[in-house]
Amino acid sequence: MSASTHPPSQASRRHALIYGSIGLVVALLILGAGTFVWLTQGGTASLVGGPFTLQNGNGQQVTDRDFRGKYMLVYFGYTFCPDVCPTTLNEVADAMDKLGARADRLQPIFISVDPKRDTPEVVKQYAAAFGPRLIGLTGTPEQVAAVAKEYRVYYAERRTGPGPNDYSMDHSSVLYLMGPDGKFVAPIRPDQNGTEMAADIGRLMS
Amino acid sequence: MKLRLTGLLLSALVLAPAIALAQGDGIQIENAWSRAAIQGRTGVVYLTIVDHGAADRLTGVSSPVAQRAQLHESFSEAGVSKMRPVPSLELDQGKPVVLAPGGYHIMLMDLKRPLNQGDTFPVTLTFANAGQVTVQVAVQGAGAAMPMHMPMHGNGMPGTKP
């Protein structure tokens, strides 16, 4: 369609629309830049993490407050994950070894994003395979949804077959280092080996 | 005529296993290993397939230790870990296909028994041309990063912590 086929009123309305759009884009850019500055100045502390209530391997209630005074290294996964989760959790165990005495001030935590299948007993058994220090937590679907929301974690069920257990979970793979006050310190990349992970964490621990 | 037919049948009977063997010889499976896993959960098998014969295709996997087994692929997309079934894997002559952590793997579903470190169990791979090839899989620690017999020096094997 060409502009000449429109009456003037329609053309001006279109101009208004164009200028309006430009204005909106500029506004969004300013907003985005502002958010970026805010994030890089430590604003993320209030964006990632927060209070949670879950269950430990013995079925006891556990909250974020139980870990105050220690750094937390939080990883979200599921026990039906035979490939990626054990790989990451092994690097975490290796990083704990590499951190030496500093590891005493760090609590690695595995939180299941598959509460339907991951009972406290199973999570306990699964976590224990990666050394005595890793704590496995699960909860009701609502409790898991709440902690995932706090940590901005994405998870979703993907069917792999017709059976009730025939699904895998898509899940955010990043690890979260939380401070002794429970506040977010930094994300820890999962695609690095234990030595690199320990170096990253060691730098961030005061 | 009848004699000739019998002879033909006989030679076919003698030749058939030889052909099957020759086809099986075209496929070589190396470094088959697994990780310790809980009964009723999932297990994993990693291995390397080398096709010395003509191009082939891995079409199926099975193991008596699991109710079902599937070929899977793990990958990361925008910071999200994903895992999907893979219907088949193409094999080119002389080009090894590596099933390793964070990529292709055989997923064992609904384990009939726990896989303990030090165990071995069979897994059968079905190829479009080469037919079935069964290989013994060695179970390592839960978080093992590579097969035990592969050279690795330094401060011990990953995943073998107490």
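Over the ring of which residue does the charged end of Arg117(A) sit? Let's start with that close-up.

**View 1. Arg117(A) and two aromatic rings of chain A**. The charged end of Arg117(A) is placed over the ring of Phe80(A), 3.8 Å from its centre. Arg117(A) also lies over the face of Tyr167(A), at 3.6 Å from the ring centre. Here a charge sits over a ring if NZ of Lys or CZ of Arg is within 6 Å of the ring centre and within 35 degrees of the ring normal. A friendly note on conventions: this is a predicted model, where local features need pLDDT of at least 70, side-chain atom pairs count only at pLDDT 80 or more, and totals for chains, interfaces and linings use all residues. Side-chain values use heavy atoms, without hydrogens and water, while residues are numbered from 1 along each chain as its sequence is written and chains are lettered from A in the order in which they are written.

**View 2. The aromatic pair Tyr75(A) and Phe110(A)**. Because Tyr75(A) lies in strand E3 (residues 71-77) of chain A and Phe110(A) in strand E4 (residues 106-112) of chain A, the pair ties together parts that are 35 residues apart in sequence. Strands (E, at least two residues) are DSSP runs, numbered from the N terminus. Tyr75(A), at 1% relative accessibility, counts as buried (under 20% relative accessible area, with a 1.4 Å probe and protein chains only), and Phe110(A) is buried at 0%.

**View 3. The aromatic pair Trp33(B) and Tyr46(B)**. In chain B, Trp33(B) and Tyr46(B) form a tilted pair, 4.8 Å centre to centre with 40 degrees between the planes. Trp33(B) is in strand E1 (residues 27-35) and Tyr46(B) in strand E2 (residues 43-51) of chain B, so the pair ties together parts 13 residues apart in sequence. Trp33(B) counts as buried at 3% relative accessibility, as does Tyr46(B) at 0%.

**View 4. Residues lining the second largest cavity**. Tyr78(A), Cys81(A), Val84(A), Met169(A), His171(A), Ser81(B), Lys82(B) and Met83(B) line this cavity (a set of points on a 1 Å grid over the protein atoms alone where a 1.4 Å probe fits but cannot get out; lining residues have an atom within 4 Å of a point). The largest share of the lining, 3 residues, comes from E5(B).

Technical notes. 1 Å grid on protein atoms, 1.4 Å probe; cavity = no way out; pocket = protein on both sides within 12 Å on 5 of 7 lines; lining within 4 Å. Helix = DSSP H or I, 4+ residues; strand = E, 2+ residues; numbered from the N terminus. Phe/Tyr/Trp six-rings, centres within 6.5 Å; stacked < 30°, edge-to-face > 60°. Buried < 20%, exposed > 50% of the residue type's maximum accessible area, 1.4 Å probe, protein only.
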